Amino acid sequence: MNTMTETNHFTQDDERALLDAIDAWVEKSVKPIAREYDHEDKYPASLVEEMKELGLFGATIGTQYGGLGLPASTYSKIVIKISSVWMAPTGIFNSHLIMAAAIERFGTPEQKEKFLPRMATGELRGGIGLTEPDAGTDLQAIRTVAKKNGDHYVVNGNKIWITNSGNGGAILLLVKTDPTAEPRHKGMSLLIAEKGPGFIVSNKMKKLGYRSIDSCELAFQDYKVPADCLLGGVEGRGFQQVAGGLELGRINVAARGAGIAKGALRLALAYAQERKTFGKPICEHQSIQLKLGEMASQVQAAELLVDHAAKTYDRGERCDMEAGMAKYFASEAGVFCASEAMRIFGGASYSVEYEIERFYRDAMLMCIGEGTNEMQRIIIAKQLVARNAQ
Ligand SMILES: Cc1cc2nc3c(=O)[nH]c(=O)nc-3n(C[C@H](O)[C@H](O)[C@H](O)COP(=O)(O)OP(=O)(O)OC[C@H]3O[C@@H](n4cnc5c(N)ncnc54)[C@H](O)[C@@H]3O)c2cc1C
């Protein structure tokens, strides 16, 4: 059973009021700065402060820890709304909330009390530190090692692409506590790693899209983590804990993909009515209508798949197949709609004066993050077989 179900007292009226507040905030604060901040790869510090006020850092954290305790179905609608204007800022609270969800689900009572209230306010902002230069999809191949030494672990190794690790204060760090274990996953653990001596942010990476948000390379050099920060208090459970948190992560990447698709459609629809060729708006040409019809259908389908996966998650049911389908379809819809919108904009699509080029650059990440779309289809197929065993 996930914790959101337990803490959810949210009515439809509450949801509507919250989504209206998000809409107003996006119009007032996000839309006006998106193009400049993206082009200059500038961290949106003002948005972080406003996200704190909106409660976004505690969106899915239980109310007993000071969070909003939102169900995933409401949370995913928030993510779609923001991503339909600028996807990148959602990354500031998304991976933070995956970290929080893992602590809430697997942490000891002391760990929950120590970290979740600070995370809910945004005072402590986090992310997830899994990927290494030589291990992404194959996470069991990680080489970062944590050796127990009395009341703490000593960590050595490297991570790459870790979102929020530059501006945030902590990450959930995947390590090998027993590098010789067989099978390999039995030697893996998660540490709640707050910044300190030996936790080195070695490089803020330059990216095609998803700019403004810090994705960094990290080096751990004799970095000490208190032993009571081992998630759940028992070694060897890290891989299962990561897998358990991926469902929420996939729903949220799916929501970002659906948001990108929706935003690209909105921009293309407006442009197609303004731009005239051969004496009429281009939306009256059949080739453009075919694109708009296909894009609108994909947007609708993506939103429905996200909502279905989120509601399955909220009921506390196993949803790796549903989340995988939503993540796969919605992220591909994002790429498709952004790319079709580029064609509708014609030459203007290549001008940085228009917004659509950002959607095009941002879209592809959703096919890669939280498990590549190749892996999603494999997960879907395995679940299909398991659920329909002959
Ligand atoms: C902007 C950005 C932000 C990120 N943020 C984070 C973060 O916050 N935290 C974090 O831990 N990571 C983060 N990542 C890393 C991301 O999760 C990985 O890039 C992703 O998991 C893929 O791993 P990889 O890049 O090592 O690709 P690889 O694992 O090398 O895969 C390369 C290709 O091979 C395919 N492939 C691999 N194995 C198989 C298989 N068994 N069957 C079929 N196909 C396979 C993949 O689908 C892919 O097409 C981020 C990445 C980016 C680009």
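**The shell around the ligand**

Tutor: Leu130, Gly136, Thr137, Thr163 and Thr372 come nearest among the 20 residues around the ligand, a residue being near if its C-beta atom, placed from the backbone, lies within 6 Å of the molecule. Two or more residues of this shell come from each of β1 (126-129), β3 (152-163), α11 (365-368) and α12 (373-387); helices (H or I, at least four residues) and strands (E, at least two) are DSSP runs, numbered from the N terminus. The model is predicted: local features need pLDDT of at least 70, side-chain atom pairs count only at pLDDT 80 or more, and totals for chains, interfaces and linings use all residues. Residues are numbered from 1 along each chain as its sequence is written.

By class, the shell has eight nonpolar, 10 polar and two charged residues. Here Ala, Val, Leu, Ile, Met, Phe, Trp, Tyr, Cys and Pro count as nonpolar, Asp, Glu, Lys and Arg as charged, and the others, Gly among them, as polar. Domain 2 (127-236) and domain 3 (240-387) each give at least three residues to the shell. The chain also has a domain 1 (3-125), and the bounds come from an automatic or database domain assignment.

Domain 2 and domain 3 also touch each other: 10 residues of domain 2 are in contact with seven of domain 3, contact meaning C-beta atoms, placed from the backbone, within 7 Å. On that side, domain 2 presents seven nonpolar, three polar and no charged residues. The centres of the two domains, taken over C-alpha atoms, are 30 Å apart.

Helix α11, one of the elements of the shell, is also a packing partner of α10, whose buried residues pack against α2 (12-40), α7 (238-274) and α9 (320-345) as well. In α10 (residues 356-363), seven of the eight residues are buried, that is, with 20 or more other C-beta atoms, placed from the backbone, within 10 Å of their own. These are Ile356, Glu357, Arg358, Phe359, Tyr360, Asp362 and Ala363.

Over the whole protein chain, 51% of the 390 residues count as buried. Its secondary structure comprises 12 helices and nine strands. The radius of gyration, 21 Å, is close to the 21 Å of the globule rule for 390 residues, so the chain is as compact as a globular protein of that length; the radius is taken over C-alpha atoms, and the rule is 2.2 Å times the number of residues to the power 0.38.

Definitions and conventions:
Contact = placed C-beta atoms within 7 Å. Buried ≥ 20, exposed ≤ 12 C-beta atoms within 10 Å, placed from the backbone.
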